[in-house]
Amino acid sequence: MSLQTRLTGWKSQIAGWFIDREFFMRANGQVRFLKISAQLQRRVAGVTAFIVGAWLIVTLGMAVNQVSVSIERMALNEKEAKVESAEERVANYRGSIDEVTKDLERRQKMLESLSDQYLDEIPAAAATGTDAAAQDDKTVKTISALVPEAAGLARIEARQIRFAELMTKVAQARTQKAEAAIRQFGLNPDFLARQATSAQGGPFESFFGSSKKDVRDPRFTKLAMSLGRMDAMERALAAIPTSMPAAVMMMSSGFGYRSDPFTGAGAMHNGLDFKGPIGTPILAAADGRITHAGSQGGYGNTIEITHANGLVTRYAHLSGFNVKLGQKVARGAQIARMGSTGRSTGSHLHFEVRLNGQAINPRKFLEANPDVLEVQSVAGIRADTSTKE
């Protein structure tokens, strides 16, 4: 069958789709006729096909553009992460061996201080050779051949770079654990990281290298970024209020909708109520600072503790205080005594957790999986250790 015959057959088939159509409609005993011509049908079909085609073209263009941008970004990242060539390093060493020596000594001290805290956690798999390590060995040989007096320094630099790579892997592994634990609490790790870095400043001082001849290997920059992310995630995890605020297990009211205990009308309850005798110790659910200690309307005597990353816990209806405004408190420390002040029908603790002023359900924090709590505990110990150091 020829192509012309096929085209004729297709045209006839398509033409058969568009024929004059008549519709009969009956309403209130009257019959009306509605006629839709073949020409009108073809126009509607053409407009529809044009719109769909334009949408597909735009969508395809956006997809192609996104892929192109992703490829360009990957190429840029590879370019930025590219290790300096042997020729560039040789130029650095020839320029001033004394300055390079000072930078390497300073960097060595920094790496040694980091090893005291993290070296025992480097996984065995991380110690295997890499293509980058082979490239570093080649660079050392090149420098040793062209600048013999710098051979020892080149070997020290290569060892420092490998150690930085191992440390980066450790930091990334710890970050992933902390992020996973934070997600278990229903929180967004990226949001908390932005909260942690939203108020920072100070004069610039290079983390590695201080002279103009410092070795600009991107792996040290990556290490610094990884350690910063790890620190932010572990501090954010440690600040989540997961400790019981009172040594009682009787919960008399949950979070969310309930009937108001005074009026019976529907009301929103922004916390959890724990029933107990007057004077029962009230405990801090996480480390923080006392930012309110006094009467607060229907809450009665209230304490608020501000934790890291926008988290605040509120303890209400208290009969007495054990802390003062501005005081730092540790997780589990007694801060007050249970009571029935304010709008209350009996002795109990009203406990709230707020994130940037918005009340969130505390139950997901207090009923966390033991494995998650263990990760949080380790993160808290590390955060305390790094703060003291």
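## Exercises on salt bridges and a pocket

Arg-343 has a relative accessible area of 41%, so it counts as partly exposed (buried means under 20%, exposed over 50%, partly exposed in between, with a 1.4 Å probe and protein chains only). This is a predicted model, in which local features need pLDDT of at least 70 and side-chain atom pairs count only at pLDDT 80 or more, while totals for chains, interfaces and linings use all residues. Residues are numbered from 1 along each chain as its sequence is written, and side-chain values use heavy atoms, with hydrogens and water left out.

**Exercise 1.** Find the salt-bridge partner of Arg-343 and say which parts of the chain the pair ties together.

*Solution.*
- Step 1: Recall that a salt bridge is a side-chain nitrogen of Lys or Arg within 4 Å of a carboxyl oxygen of Asp or Glu.
- Step 2: The side chain of Arg-343 meets that of Asp-260, at 2.9 Å from N to O.
- Step 3: Arg-343 sits in the loop between strand S13 (334-338) and S14, and Asp-260 in the loop between S4 and S5, so the pair ties together parts 83 residues apart in sequence. Strands (E, at least two residues) and helices (H or I, at least four) are DSSP runs, numbered from the N terminus.
- Step 4: Asp-260 counts as buried because its relative accessibility is 12%.

**Exercise 2.** Describe the salt bridge between Arg-174 and Glu-234. Is each partner buried or exposed?

*Solution.*
- Step 1: The closest N and O atoms of Arg-174 and Glu-234 are 2.7 Å apart.
- Step 2: This pair links distant parts of the chain, with Arg-174 in helix H6 (residues 151-184) and Glu-234 in helix H8 (residues 218-238), 60 residues apart.
- Step 3: Arg-174 is buried at 6% relative accessible area, and Glu-234 is buried at 5%.

**Exercise 3.** Which residues are closest to the centre of the second largest pocket, and which strand gives the most to its lining?

*Solution.*
- Step 1: A pocket is an open set of points on a 1 Å grid over the protein atoms alone, where a 1.4 Å probe fits, with protein on both sides within 12 Å along at least five of seven lines; lining residues have an atom within 4 Å of a point.
- Step 2: The second largest pocket has a volume of about 400 Å³. Of its 21 lining residues, Arg-258, His-269, Asp-273, His-317 and Arg-343 are the closest to the centre.
- Step 3: S14 gives the most to this lining, with three residues.
- Step 4: Arg-258 and Asp-273 also form a salt bridge, their closest N and O atoms being 3.4 Å apart.

Methods:
Grid points are joined across faces, edges and corners, and a volume is the space filled by probe spheres set on the points.
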